[in-house]
Amino acid sequence: MPNNLFGRDAEALPSVGAPNAIAPALSADPPQRTYVTGMTVALGGMLMFFMALVSAYIVRKGFPNSDWRSLNVPRILWLNTATLLASSVTLEFSRRRRARVDEEGFRHWWEVTAILGLFFIAGQAIAWKQLAAAGVYLATNPSSSFFYVFTGAHALHLLGGICGLMTIMLRDTRRLARATAVEVVAMYWHFMDGLWVFLFLLLLLGR
Amino acid sequence: MNSAAHSSADSGARPRGFLRKYIFSTDHKVVGLQYLFLALFAVTVGIVLSLLMRIHLAWPSLRLPFVHGGVMLPEQYLAFVTMHGTIMIFFVLTTAPQNAFGNYFLPIQIGAPEMAFPRLNSISFWLTCIAFSCLLAAFFVPAGAPISGWTAYTPLSGLGDVTGSGEGAGQTMWIVSILIFCIASMLSAVNFISTTIDMRAPGMTLMRMPLTVWAWFVTAILSLLAFCVLLAAGVLLLLDRNFGTSFFLPAGLVVNDQLQSHSGGSPLLWQHLFWFFGHPEVYIAILPGMGVVSHVLANFSRKPVFGYKAMALAICAIGFLGFLVWGHHMFVSGMSPYSSLTFSVLTMSIGVPSAVKTFNWIGTIWGGKIQFKPPMLFAIGFVSLFVTGGLSGIFLAQPALDNMLHATYYVVAHFHIVMGVASVFGLFAATYYWFPKMFGRMMNERLAKAHFWLTFVGTYCIFMPMHFIGIVGEPRRYAEFSALDYAAALVPLHRFITIAAFVTAAAQFLFFWNFFSSMQNGEKAAINPWNATTLEWITASPPPHDNFDGHYPSVYRGPYEYSVPGSTQDFIPQNLEENDTERRPSNAK
């Protein structure tokens, strides 16, 4: 009996991309599914972080005699949201190409995803500039404080995602761990996309 | 460190060179020891701070070392309170039980060669180190360390140096330190959870995991969820202080005759966010100790853990309930009595899983062949302290009583006994128990026993009188009581506590001496000196780089098979097959 599967069969490993990319872990290497587990757990932590901010938002806004003034979110946020949603779609295109062992197509759509991510960040920067031009800064009002905190924290996390996307582009493509890396970065990206939609709706409807 | 001969078949190449091997090592055992030594350093600093405070409380006009100007000023006293609390809670009670011993033993106990993410593990440690340096640096910035307590209550912590010395750069350093610590703890928690879920040896089902692993696993979940919330709160506090926002700062605040420009925020919001982290933090400190104590009590009673399943579930229940009771820290904040009642009932309900644990500990040693070895003494000491501190907790869980006792020494006595000293006893039990595995040598038993009795009696002498001081009504966090008439009668008691504190602190030299001299000169330890059943005892002492030298174990039985009827020996290791009559547990050097 092989000793190094740590209680899991090879079939239980994440079935991502080309099946031959997943071999039972060699000797002492940890199995690939730990990365998926690790990312799932880490996303739980990030969700907790953002939910703490959201709960502070709801409480701070609900004070009686509050100094809260509703903030009209810049309209470019709609475009940014569409861009980020599109990036999730292109990421799925990319993963499908990978499943068909179409390396060209995979790389193409993967790059498009990263570029759309950069567009999103640029769009957020434009939104901040527009607000600043209108005299709305971090400390202007609690609503603007939360706007900058939410968008800033999310942009930082998304920049991390873009780094992940780029790392995979630049890495040796035949590495065993790549299938897992693609899976894990995709999980992160979709999560950040969904999180943004939630935050956007909160800023839009909960103001 | 590791003198074991290493087979050439070893898959995990052993790192060479001092830097790769000891400083930036990704070996979970080295990282665990790094955390341990960091905690030992931190606890020394924390003890020195507490002794200085104790001298000042007993003899206020005495000139002291490490105190600017010689005689301690009230703001210096508060700075010491703050730094003592922060260092002890974050850098001792969070790092040592979980990150030091958990890192070292969790992978070995589940039969894995490493943590799931070794590099992340090393990064977590170095982030913790940076956080600690950042915190200590607060002593050396102009106006010194912060004075707002380890809870950093707003508005005191949110306004900058207008609120007093230490609230300028010192408080900012404190917040930055805690933010870095939060990130380190979160990364470490991800590692622990993933390792426990995915790296278990074949046959190591959840219900065959040692209770230590259960405790580290649940603690990691608590860390993940709690520290992320503190991170969010800390970011908002930093913005309030340094960028003019008003999350936690109300309008119309006048401090030192200056009207502050903040508007509409709520200090209570900070308290809610902080204690949502802060209460689970208590369990982050003590759950690993509970795991170790269960482990040790079974080992030295030569009996299985009584009610293993109940023990595992009780750990989960305590972890879960720990997230629902943060409001009991805020009974005096003016919250609605209905909220108080809810928090009160939930808090007392933690007594149920706690009692399950306590009775099962007693059940475990009941009728056992008890061996009073040092780890066992500290484990029994833990149970004693946990019961004592837990009972005063039931008093404090009632809002009516808490209103009287909240700002007094009673609370100081309560939390020091239950989360401070009890957790530290868990650490001592763990150190004496696993030292032979970590360093391949035994610690001196006589010194260890002297250390136990002095510490055990000493801590009770320190903290029991504090209950009475609190009931009399002496407020905590006060640097001096000369203005309080009724407090004059308590001065002798304070002096007694201070002397007890010095005796107890001196007793720790026995431990330090024993620890460091045994590393060099202790008697060589066998592979399994305590005749224990779990997987760390089937490998060399200290374990090789990949823990099992390429022979990874499979698990066939539960973790506490002691004195099994019909068995030739009174313990059966977890990796022994059901019908294996050939292989007998070996106890070879």
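1. Two residues are in contact if their C-beta atoms, placed from the backbone, lie within 7 Å. The model is predicted: local features need pLDDT of at least 70, side-chain atom pairs count only at pLDDT 80 or more, and totals for chains, interfaces and linings use all residues. Residues are numbered from 1 along each chain as its sequence is written, with chains lettered from A and ligands numbered from 1 in written order.

2. In helix 3 of chain A, the residues that meet helix 4 of chain A include Trp110(A), Gly117(A), Phe120(A) and Gln124(A). Among their partners in helix 4 are Thr151(A), Leu158(A), Gly161(A) and Met169(A). This contact has 12 nonpolar, five polar and one charged residue. Nonpolar means Ala, Val, Leu, Ile, Met, Phe, Trp, Tyr, Cys and Pro; charged means Asp, Glu, Lys and Arg; the others, Gly among them, are polar. Helices are DSSP runs (H or I, at least four residues), numbered from the N terminus.

3. The axes of helix 3 (103-133) and helix 4 (142-170) of chain A come within 10 Å and cross at roughly 155°. Axes are lines fitted to C-alpha atoms over the stretch in contact, and angles run from 0 to 180 degrees between N-to-C directions. The two helices are therefore roughly antiparallel (over 145 degrees).

4. Between chains, 41 residues of chain B touch 33 of chain A. Helix 6 of chain B gives the largest share of the chain B side, 10 residues. That side has 27 nonpolar, 10 polar and four charged residues.

5. Chain B has domain 1 (18-248 + 264-519) and domain 2 (525-589), with bounds from an automatic or database domain assignment. Their centres, over C-alpha atoms, are 33 Å apart.

How values were computed:
Parallel < 35°, antiparallel > 145°, perpendicular 65-115°, else oblique.
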